[in-house]
Amino acid sequence: MPKPARIGVVMFPGSNDDRDLARGFALCGAEVEMIWHKDARLPELDGIGIPGGFSYGDYLRCGAMARFSPVMRSVVQLAAMGRPVLGVCNGFQILCESGLLPGALVRNRDLRFVCVDTRVAVEERGLFRGELTPGRELLIPVKHGEGAYVPDAERKPRVAFRYVGGSPNGSTDDIAGIVSDAGNVIGLMPHPEHAVEALLGSTDGGVLLRAFLAACVDARQARR
Amino acid sequence: MSDPEVDLELARAHGLSDHEAALVFEILGRKPTYPELGIFSVMWSEHCSYKSSKKLLQTLPTKGACVIQGPGENAGVVDIGDGNVCVFKIESHNHPSYVEPHAGAATGVGGILRDIFTMGARPLASLDSLRFGPLDDPQQRYLVRGVVSGVGSYGNCFGCATVGGEVTFHPRYRKNILVNAMNVGIARADGIFLAKAAGIGNPVIYVGSKTGRDGIHGASLLASSEFDEHTEEMRPTVQLGDPFTEKLLLEACLEAMKTGAIVGIQDMGAAGLTCSSFEMASRSGTGIEMDLDRVPQRETNMTPYELLLSESQERMLLVAEAGREQEILDVFAKWDLDAALVGRVTNDGKMRVRWHGQTVVDIPVDPVAASSPVYERPQARPADFEARQKLDLATVPIEPDPSGALLELLGSPNLCSREWVYRQYDQLVQSSTVLRPGGDAAVVRVPETERGLALKTDCNPRYCAQDPYLGAMHAVAEAARNVAVTGAKPLAATNCLNFGSPERPECMWEFAESVRGMGEACRALGVPIVSGNVSFYNETSGEGSIPPTPTIGMVGLLDDVSRAVPAAFRGAGDAVILFGETFAELGASEYLAVRHGLERGAPPALDLAAEQRLHALLFEAANRGLLRSAHDCSEGGAAIALAECAIRSGFGVEATLPDVGGRPELALFSESASRAVVSCTAA
């Protein structure tokens with residue numbers, strides 16, 4: 001057995017699913033370290049999770065402030081070196097704002113926050129494999145006010161997840177999550193960390209989190 | 001700008017009675033300064049002093065084996081095992097939400113969150129009890145949209161799941177909606193913080209947002225008088241919320257508490273800096289001297305009067321151990337929040353406030369806070385009380401179309417699905433929500449344990465309008481039943497008592513009757529009241545008052561949260577059982593209101609012993625794993641309860657209901673109390 005993946009979960013001011021994401025990773029076997037957004041220098045990590053919430057209150061465009069936090073420079077560097085990075089909800093918005101993923105997330109179609117279970121189908125999976133097989137449907141909740149994905153005009157995104165039976169937010173082509181061209185950065189609006197226990201309604205989020213951790217271990221072994 | 005001259009006219013304009021104004025002169029032995037008058041006016045307002053309700057509230061049961069802290073602190077505290085405590089309270093934000101629905105509701109949520117985390121607890125779940133006028137009125141639709149978006153925007157951004165509550169409609173809320181926000185937090189039993197200013201010489205520290213001019217006189221004028229034609233001018237008295245800052249304040253406070261350097265802490269809610277400093281000193285029998293020049297200020301040229309009375313949100317006042325100030329200041333600096341040393345605790349029982357080197361306030365603490373005036377207001381039973389109770393069933397036609405009646409009731413505003421509301425709330429943050437909104441009580445897991453809490457707010461205003469005594473008993477019984485159907489044991493409750501003007505004898509009678517009924521039901525069901533709030537003056541001149549609305553927020557405990565029983569059916573072929581007896585009771589029912597446009601008759605009878613037996617039965621059946629589903633049977637009767645279990649599950653149901661006098665509408669829609677619909681594996 002390889003050593004468990006060591007994951008840094010970034011805390012911005014206003015992150016509020018940070019402890020949930022850390023807990024989700026831990027339940028899936030990771031060692032987790034919380035990273036304060038003012039820390040530019042990171043400890044040795046196999047992968048990074050950017051959690052949901054309302055960084056800086058999201059009073060400006062979602063994620064637009066967080067991308068300027070000192071920690072993000074290091075995250076961008078690590079991503080360029082191939083470390084896996086996962087962004088959930090506000091984390092996805094931050095990854096788009098910092099240019100690690102293409103496109104943007106805008107206000108939901110009906111202009112209201114929505115919290116509801118969704119079914120998403122796996123499409124392209126980049127470095128994240130294991131049980132995350134294309135075509136597999138996962139039951140994972142969303143909760144956001146600005147989750148409608150809009151792709152860049154000049155660049156077609158690699159779609160990782162698509163809502164089944166229509167999107168809850170008016171997302172272009174029902175896109176729920178995307179993966180970077182290099183395959184190591186993945187962002188999605190649904191919250192896998194809220195779907196890791198049968199008691200809370202679904203364990204399907206664990207499929208993604210475990211695939212992410214496996215990719216983190218693979219990338220570590222490749223560095224050696 | 002110099003302060004205005006204080007005279008009787010100005011005191012009256014501040015909401016003080018002539019008697020109270022005379023008392024102010026007597027206590028001080030001189031004319032008050034303008035800021036002093038402001039302080040008396042807010043501290044002696046109905047909202048802050050409970051002057052009309054205090055005596056009656058003392059009759060409520062507040063003690064029990066689980067109770068660690070009863071009423072009188074920022075929130076109640078009960079023991080939930082494993083060294084954990086549950087800290088909870090419900091509070092109203094009615095008038096601000098009518099004047100400015102989004103901001104009013106948002107700051108209502110913000111206020112109750114601070115009440116919870118000021119005690120050292122991390123807020124885990126919110127519930128909101130909302131009451132509006134009928135939706136055919138465009139203004140009501142505007143209010144609903146504003147309030148729901150306000151509740152959601154604050155809770156979602158702050159990061160506390162909104163897991164339940166109520167939304168009801170009645171014409172008498174048209175000019176005075178109700179927004180009651182409840183929050184439930186978890187702390188370690190040895191980590192509770194109280195609002196005290198103890199330790200002579202200890203520093204008094206202001207933390208959080210800067211003080212602005214918003215919300216001045218929110219408590220004294222907006223919350224403590226009825227609405228009239230000048231209500232619109234009160235918009236500036238509504239505070240604006242900043243949930244992002246509140247989230248930082250939460251994390252900073254919990255981190256600062258861990259240093260061990262905090263002696264006492266209280267949030268600055270109603271009446272801001274004034275209320276928090278007076279109450280903390282009063283509880284500890286100390287005094288405080290404060291320098292207003294040190295208060296972080298958002299605007300320039302603020303006067304002492306404004307600084308003392310501002311209700312700017314997201315602020316706390318705390319007392320630290322002398323010599324350890326820096327540890328606290330460092331934590332708040334990490335979170336980019338203001339923290340300023342504004343004063344010291346003194347031993348002379350006086351509040352002394354300086355500004356620009358001058359003493360602008362010098363008042364004894366106790367007469368303003370703990371020993372504020374208390375009234376026994378006259379009560380009068382409404383003349384039509386007995387006539388209201390009469391309903392001759394012979395005059396109600398036998399329902400010719402039971403299926404049509406069922407459909408009409410299912411689609412009626414008070415019974416239809418609330419999904420439009422709760423899907424705008426984050427129900428999941430903190431990964432604890434086991435039973436989400438839409439059933440009976442919500443169930444949340446106590447983090448890092450196997451236990452769960454079942455949470456519910458309840459009050460049927462139509463019952464209370466007909467008979468406030470019986471209506472309040474029903475509020476307690478139904479809230480407890482909603483908790484019991486999940487398999488939880490009802491543990492303790494918080495109350496939000498919404499009424500009209502206490503200066504009208506009929507309203508005061510409604511209040512007294514409600515408190516009497518609530519106390520009786522709480523004693524019988526073994527549920528103490530550990531916290532709460534009174535909201536009077538819910539009326540508009542010329543329009544009458546709201547129906548008496550004594551809302552109950554109930555907390556129940558499940559030892560094994562994985563055994564929580566949902567409301568929806570679970571599988572085809574399961575046996576469906578109706579617990580309890582159905583009587584010919586249509587008084588004050590949804591059926592009469594929806595089908596016949598009638599609000600008449602006495603609410604259903606309530607046998608508290610039978611109610612308690614039902615709770616014991618549900619508790620035992622759930623804990624032996626016998627129940628596949630369980631749902632409270634109340635508004636709309638057995639037919640509605642069965643339909644709700646089916647609709648939420650996607651299964652159908654076939655049932656034979658007990659015959660009641662050979663009349664279909666009685667079997668289907670009678671609202672007899674102490675009943676539940678359960679399902680179990682068929683033998």
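Two strands pair if DSSP finds at least two bridges between them. That rule is needed to read the predicted model shown above.

Begin with chain B and its strand 7, which covers residues 203–208. In this strand, G208(B) stands opposite R315(B), a residue of strand 10 of chain B. Strand 10 spans residues 315–320, and five bridges join it to strand 7, the two running antiparallel. Strand 7 of chain B also pairs with strand 11 of chain B, residues 338–346, in the antiparallel sense over six bridges. Here V204(B) has G343(B) of strand 11 opposite it.

How many of the six residues of strand 7 of chain B are buried? Six of the six are, so the strand is largely enclosed by the rest of the structure.

Two packed helices are described by the angle between their axes and the distance between the axes. For helix 7 (residues 101–117) and helix 8 (residues 138–158) of chain B, the angle is about 35 degrees and the axes are 7 Å apart. The crossing of helix 7 and helix 8 of chain B is right-handed. Among the residues that make the contact are A106(B), V109(B) and L113(B) from helix 7 of chain B, and V147(B), G150(B) and Y154(B) from helix 8 of chain B. Sorted by class, this contact has eleven nonpolar residues, eight polar ones and no charged ones.

Now turn to chain A. It holds an open sheet of nine strands with mixed pairing, in the order 2-1-3-4-11-10-9-6-7. At the edges are strand 2 (31–36) and strand 7 (137–144) of chain A, each of which pairs on one side only. Direction ignored, neighbouring strands of this sheet are turned by 25 degrees against each other on average. Within chain A, strand 6 (residues 114–122) and strand 9 (residues 158–163) run antiparallel and are joined by three bridges. One bridge partner pair is A121(A) and R162(A), the latter in strand 9 of chain A.

Finally, consider where the chains meet. The contact takes 22 residues from chain A and 22 residues from chain B. On the side of chain A that touches chain B, helix 1 (18–27), strand 6 and strand 7 of chain A each give two or more residues. Strand 6 of chain A provides the largest share, three residues. By class, the residues on this side of chain A are eleven nonpolar, five polar and six charged.

Terms used: Residues are numbered from 1 along each chain as its sequence is written. Chains are lettered from A and ligands numbered from 1 in the order in which they are written. This is a predicted model: local features need pLDDT of at least 70, side-chain atom pairs count only at pLDDT 80 or more; totals for chains, interfaces and linings use all residues. A residue is buried if 20 or more other C-beta atoms lie within 10 Å of its own, exposed if 12 or fewer, and partly exposed in between; C-beta atoms are placed from the backbone. Helices (H or I, at least four residues) and strands (E, at least two) are DSSP runs, numbered from the N terminus. Axes are lines fitted to C-alpha atoms, for helices over the stretch in contact, and angles run from 0 to 180 degrees between N-to-C directions. Two residues are in contact if their C-beta atoms, placed from the backbone, lie within 7 Å. Ala, Val, Leu, Ile, Met, Phe, Trp, Tyr, Cys and Pro count as nonpolar, Asp, Glu, Lys and Arg as charged, and the others, Gly among them, as polar. A crossing is left-handed if the near helix is turned anticlockwise from the far one by less than a right angle, and right-handed if clockwise.
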